[in-house]
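Here is a short briefing to read with the model open beside you.

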Amino acid sequence: MARSALAITDFRTDPQRGAVLDFLEAWVSGDRAGAEQHVADHTNGQGTTLTARISGRIAGLITVRWTSNNPAFADRKIPLIHQLMVEPHFRRKGIGTALLDAAELSAARRGRRAIGITVGLFDEYGPAQRLYAQRGYLPDGRGACRGREPLREGQVVLIDHSLIIWLTKDITQLLPATPRPGMLPADPHG
Ligand SMILES: CC(C)(COP(=O)(O)OP(=O)(O)OC[C@H]1O[C@@H](n2cnc3c(N)ncnc32)[C@H](O)[C@@H]1OP(=O)(O)O)[C@@H](O)C(=O)NCCC(=O)NCCS
């Protein structure tokens, strides 16, 4: 799909916020209250949701929480990608990639040096596991966790959505480097 057909819109400036809530209700939260809760911290700047629209229809969205509830991330000012969802009909057309591009760039523009995400362990998360690996997201080194707690050898667990791996990506290369004073190239006209 041509990138020109895709429009990325920030919820805060979206004239059709109702459509975003409809999408959240249908594909993320399952109810209206959950959809409204999802964007409740957006007005004070704590969260950002970007939507991808194709011909005006929402095909997917991504949400970033600027202060993660994981202290290991929050202490290092690593924002957390808290939701990434592409409607099944629109999958495998580069929309997930475009949403991640936009979220990573937004974080880099805010001066963040890394961005984090979690991914589940079972088959539903196979596409996301490949997508994140392809884009350079690295596991944090603690292995699989239930929420924030690492699993230990011998522990018996139910495989569900709470079993995750925490990943981060270095995004310092996304913005052109600012030359340090004294490091500027000689001005040929000077
Ligand atoms: C994960 C998800 C967001 C990917 O969105 P998408 O728009 O289909 O992704 P893209 O088209 O940009 O795919 C990029 C890469 O992801 C991987 N990928 C995507 N779908 C895949 C699939 N069905 N099988 C294997 N790899 C897949 C591939 O590496 C792909 O690159 P390629 O097409 O060059 O092989 C989408 O599948 C989704 O919404 N899944 C359900 C929700 C979810 O799991 N969210 C993430 C929670 S952690």
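Predicted model: local features only at pLDDT ≥ 70, side-chain atom pairs only at ≥ 80, totals over all residues.

Residues are numbered from 1 along each chain as its sequence is written.

**The whole chain**
- The protein chain has five helices and nine strands; helices (H or I, at least four residues) and strands (E, at least two) are DSSP runs, numbered from the N terminus.
- Along the sequence, their pattern reads β-α-α-β-β-α-β-α-β-α-β-β-β-β.
- Taken along the principal axes, the box filled by the C-alpha atoms is roughly 70 × 45 × 35 Å.
- Of the 190 residues in the protein chain, 27% are buried. A residue is buried if 20 or more other C-beta atoms lie within 10 Å of its own, exposed if 12 or fewer, and partly exposed in between, with C-beta atoms placed from the backbone.

**The nonpolar core**
- In soluble globular proteins, nonpolar side chains tend to be buried together.
- Here the largest nonpolar core has 34 residues, and those with the most contacts inside it are Ala52, Leu61, Ile62, Ile81, Leu99 and Ala103. Such a core is a set of buried Ala, Val, Leu, Ile, Met, Phe, Trp, Tyr and Cys residues joined through C-beta atoms within 7 Å.
- The largest share of this core, seven residues, comes from H4.
- Isoleucine 62 is in contact with Leu50, Ile81, Gln83, Leu84, Leu99, Leu100 and Ala103, leaving aside its neighbours within four places in sequence. Two residues are in contact if their C-beta atoms, placed from the backbone, lie within 7 Å.

**Phenylalanine 23**
- Phenylalanine 23 lies in helix H1, and this residue is buried because 21 other C-beta atoms lie within 10 Å.
- With neighbours within four places in sequence left aside, phenylalanine 23 is in contact with Ile58 and Leu61.
- Between phenylalanine 23 and alanine 59 there are 8.7 Å in space, C-alpha to C-alpha, though they are 36 residues apart in sequence.

**Helix H4**
- Among the buried residues of H4 are Ile95, Leu99, Ala103 and Ser106.
- After H4 comes glycine 111, with a positive phi near 85 degrees.

**Around the ligand**
- The ligand is surrounded by 18 residues, of which the closest are Arg91, Gly96, Thr97, Pro127 and Leu131. A residue is near a molecule or strand if its C-beta atom, placed from the backbone, lies within 6 Å of it.
- H5 gives the most to this shell, with six residues.
- The shell has nine nonpolar, five polar and four charged residues. Ala, Val, Leu, Ile, Met, Phe, Trp, Tyr, Cys and Pro count as nonpolar, Asp, Glu, Lys and Arg as charged, and the others, Gly among them, as polar.

**Strands that pair with E9**
- E5 and E9 pair in the antiparallel sense over seven bridges; two strands pair if DSSP finds at least two bridges between them.
- Threonine 118 stands opposite tryptophan 166 in E9.
- Strand E6 (residues 138-139) runs antiparallel to E9, joined by two bridges, and proline 139 stands opposite leucine 167 in E9.
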